[in-house]
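The following exercises are to be worked with the sequence and the model side by side. Each task is followed by a solution in steps.

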Amino acid sequence: MRLFAAAAVIGLALTASAHADGDAAKGEKVFKKCAACHAVGEGAKNKVGPVLNGVIGRHAAAIEDFKYSKAMVDKGAEGLVWDEATLATYLEKPKDLVPGTKMAFAGLKKEDEREDVIAYLKQFQ
């Protein structure tokens, strides 16, 4: 019985780990919600929002030729770095993480959509 319980726990952990990685193909579809303001990939340029190539691991407000809100500049000065966890929090409800951001997007309410978008963005590091 203990062996079965241990196997079940390991199985759940592996499933959770796989789910936490997200699906880049699904993320590409979800990213269409972001594409009106952001671009990624070869030849991407700033739009209403900054280019998201290399966003994971980048300090907030770090793109030189983009005009960020004061709130985002302040977060960057405080040391905010876009790691996967911080990006997931921001994508859920941007104004909660950065009050005063000029990003009008309400957020991605579904955790799997956030994970999928992050998996998609990781391709452009």
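On a 1 Å grid over the protein atoms alone, a pocket is an open set of points where a 1.4 Å probe fits, with protein on both sides within 12 Å along at least five of seven lines; lining residues have an atom within 4 Å of a point. A volume is the space filled by probe spheres set on the points, which are joined across faces, edges and corners. The model is predicted: local features need pLDDT of at least 70 and side-chain atom pairs pLDDT 80 or more, whereas totals for chains, interfaces and linings use all residues. Residues are numbered from 1 along each chain as its sequence is written, and side-chain values use heavy atoms, without hydrogens and water.

**Exercise 1. Describe the largest pocket and its lining.**

Step 1. The volume of the largest pocket is about 550 Å³.

Step 2. Its lining comprises 30 residues, and His38, Gly49, Pro50, Tyr90 and Met103 lie nearest the centre.

Step 3. Sorted by class, the lining has 22 nonpolar residues (Ala, Val, Leu, Ile, Met, Phe, Trp, Tyr, Cys and Pro), five polar ones (the others, Gly among them) and three charged ones (Asp, Glu, Lys and Arg).

Step 4. Helix α4 gives the most to this lining, with three residues. Helices here are DSSP runs (H or I, at least four residues), numbered from the N terminus.

**Exercise 2. Examine alanine 61.**

Step 1. Alanine 61 is found in the loop between α2 (24-30) and α3.

Step 2. Its phi is positive, about 60°, although the residue is not a glycine. Most residues other than glycine have a negative phi.

Step 3. Alanine 61 is partly exposed, at 25% relative accessibility; buried means under 20%, exposed over 50% and partly exposed in between (1.4 Å probe, protein chains only).

Step 4. Methionine 72 touches Ala61 (contact: heavy atoms within 4.5 Å), and its other partners include Trp82 and Tyr90.

Methods. Helix = DSSP H or I, 4+ residues; strand = E, 2+ residues; numbered from the N terminus. Lists of a residue's contacts leave out its neighbours within four places in sequence.
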